[in-house]
Amino acid sequence: MAADGADKFSVLLPTYNERENLPLVVWLLARTFRESGNNFEIIIIDDGSPDGTQEIAEQLEKIYGSDKILLRPRARKLGLGTAYIHGMKHATGNFIVIMDADLSHHPKFIPEFISRGANFLTQVLLRPGASDLTGSFRLYRKEVLQKLMEKCVSKGYVFQMEMIVRARQLGYTIGEVPISFVDRVYGESKLGGNEIVSFLKGLLTLFATT
């Protein structure tokens, strides 16, 4: 939670070979949080990407500031579950957003997650799609995520499924928000042309002012 008592959202972004997508997803996240007036930080957990993702993350840290972008890399690929555990250690928000860095999840849905969560005092976990046990676009209360992680034994992609099962076992409330899911951006465009244009304009502005 921020010093003034307001909610703060920590985005955990595990990456592996995402140098092309990372600047765009970070820009969209920053825009989404600023437009909705929410305090945020983005924690990038790079697992030793050979394509230069880490160098891109370092540049983003300089552009947005180390209070907004926290690069917390690991030496090699160690699995999704452990990436979230690693990222959690550095998270200062009282809410945690987990999502993929490949832009299959659009940050524009995050305010819906947040407003939906605000409607339920007991709400602890939000995820899209009623039957989507494997989805990795979710909002958690930090203390709930910590408890779930202590219970989870899976390390890879099964981790997402186990989190839902454990949440149900522990009696936590699970809410759902409908979103559209798109395949990876590079190769196929998941974003509208206008968004890419405004992203490029935003990039030019950033580089002109830093």
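How many of the 8 residues of strand 2 (residues 39–46) are buried? In this predicted model, the count is 7, so strand 2 is largely enclosed by the rest of the structure. That makes strand 2 a handy place to start looking around, and the tour below keeps coming back to it.

**The strands around strand 2**

Let's begin with strand 1, which covers residues 8–15. Strand 1 and strand 2 run parallel, and 8 bridges join them.

Now for strand 3, made up of residues 69–71. Strand 3 is also joined to strand 2, with 3 bridges, and these two run parallel. Here the pair to look for is Ile43, which stands opposite Leu70 in strand 3.

**How the chain gets across**

What lies between the strands along the chain? From strand 2, the chain passes through helix 2 (residues 53–64) on its way to strand 3, and this β-α-β crossover is right-handed. There's a β-α-β unit on the strand 1 side too: strand 1, helix 1 (residues 22–36) and strand 2 form it, and that unit is right-handed.

**Charged pairs**

Side chains of opposite charge can pair when their charged atoms come close. In this model, the count comes to 2 salt bridges.

| Salt bridge | Distance (N to O) |
|---|---|
| Lys8 and Glu41 | 3.5 Å |
| Asp47 and Arg74 | 2.8 Å |

Take Lys8 and Glu41, whose side chains meet in a salt bridge. Lys8 belongs to strand 1 and Glu41 to strand 2, so this pair ties together parts that are 33 residues apart in sequence. Are these two residues buried or exposed? Lys8 has a relative accessibility of 13%, so it counts as buried. Glu41 is buried as well, with a relative accessible area of 2%.

Then there's the salt bridge between the side chains of Asp47 and Arg74. Asp47 sits in the loop between strand 2 and helix 2, while Arg74 is in the loop between strand 3 and helix 3 (80–88), so the pair links parts that are 27 residues apart in sequence. Asp47 counts as buried because its relative accessibility is 7%. Arg74, at 11% relative accessibility, counts as buried too.

So, to come back to where we started: strand 2 is largely enclosed, because 7 of its 8 residues are buried.

Key: Residues numbered from 1 in each chain as written. Predicted model: local features only at pLDDT ≥ 70, side-chain atom pairs only at ≥ 80, totals over all residues. Heavy atoms only, no water. Buried < 20%, exposed > 50% of the residue type's maximum accessible area, 1.4 Å probe, protein only. Helix = DSSP H or I, 4+ residues; strand = E, 2+ residues; numbered from the N terminus. Pairing = 2+ DSSP bridges. Right-handed = clockwise from strand over helix to strand, strands pointing away. Salt bridge = Lys/Arg side-chain N within 4 Å of Asp/Glu carboxyl O.
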